[in-house]
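Trainee: I would like to learn how to read a few backbone features. Please take them one at a time.

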Amino acid sequence: MELQGGVNQLSLIDGVLHRPRHSWSEQVQSFLHHLHRAGLKGVPRPLGFAPDGRERVSYLPGLTLDQSTIKAFYTDRVLISAARFLRQFHDASVDYVELEGHPWFETPLEPAEVICHNDFAPYNCALKKGQVAGLFDFDTASPGPRRWDIAYAVYRFCPLSASPTGSGISINLDEQRRRLHLFCQIYGTNIDLALIRLVCSRLTALVNLMLREAAAGNEAFSSHIAAGHDKLYQADIAYLNQHGEALIN
Ligand SMILES: Nc1ncnc2c1ncn2[C@@H]1O[C@H](COP(=O)(O)OP(=O)(O)O)[C@@H](O)[C@H]1O
Ligand SMILES: [Mg+2]
């Protein structure tokens, strides 16, 4: 069976997912081993590499995001379990000893408190009984500050968008504020203007990545730009600059 993500095409063969191999895949496999040794539940088992070179990981059962399941991903129960999951994932990553000589997708950011997933969003989670029970797609993981990951997580899970175009869900400012507070309270981090600014920096980094990859010939990112995704992120940055105070109070 073939599975299509926003960027990658995966094959499910005898219950094992085959992903394209990249220069960072060895580091990701080693990191997934660490998470399992640390006892974290709900992340793919690293299963090495197939004869054709593709990366192999276990398939996580559960409900994943598509047009028909969007509503199920924006309940308070999902939000709370997402915050808990992110906290447990970060805590489990703290003592990871990196595989020497193998890169990550991104240059590590300082302070490197944890390994950031860097794409912690509904579209990379699997739900069980209405709660986040699985996290996949570790391609973009790399060392960084906890709040770098939190910033993207709240942007996607609350979500903190100006319009429902990106997430497919319509949530007003009051509800965004309430959900932001709930997520941060469960994770255990301050709600302040610095966090809102960090969301903006995170989105700027995302736009820059899209432009860089598209210029280098990456077709997935070129199609995102053709579909106007960069404009949506710019609109969200403007929205957050305008409503930051209202969101944190
Ligand atoms: N380990 C996994 N367990 C269950 N489903 C997965 C797993 N990895 C990927 N998928 C499914 O395949 C889709 C695409 O995979 P993903 O790694 O997220 O690709 P992309 O980088 O393009 O987003 C996901 O959205 C999800 O539905
Ligand atoms: Mg994905």
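Mentor: Start with Lys129, which sits in the loop between strand E7 (125-128) and strand E8 (131-135). Strands (E, at least two residues) and helices (H or I, at least four) are DSSP runs, numbered from the N terminus. This is a predicted model, where local features need pLDDT of at least 70, side-chain atom pairs count only at pLDDT 80 or more, and totals for chains, interfaces and linings use all residues. Residues are numbered from 1 along each chain as its sequence is written, chains are lettered from A and ligands numbered from 1 in the order in which they are written, and side-chain values use heavy atoms, with hydrogens and water left out.

Trainee: What is phi of Lys129 near?

Mentor: Phi of Lys129 is near 50 degrees, a positive value in a residue other than glycine.

Trainee: Is Lys129 buried or exposed?

Mentor: Buried means under 20% relative accessible area, exposed over 50%, and partly exposed in between (1.4 Å probe, protein chains only). Lys129 counts as exposed because its relative accessibility is 78%.

Trainee: Where does Asp14 lie?

Mentor: Asp14 is in the loop between strand E2 (9-13) and strand E3 (16-19). Its phi is positive, near 50 degrees, and Asp14 is a residue other than glycine. With 78% relative accessibility, Asp14 counts as exposed.

Trainee: Now the peptide bonds. Which form does the bond from Glu110 to Pro111 take?

Mentor: That bond is cis, with omega near -5 degrees. Pro111 is found in the loop between helix H2 (76-93) and strand E6 (114-116).

Trainee: What about the bond from Cys158 to Pro159?

Mentor: The bond from Cys158 to Pro159 is cis, with omega near -25 degrees. Pro159 belongs to the loop between helix H3 (146-157) and helix H4 (173-187).
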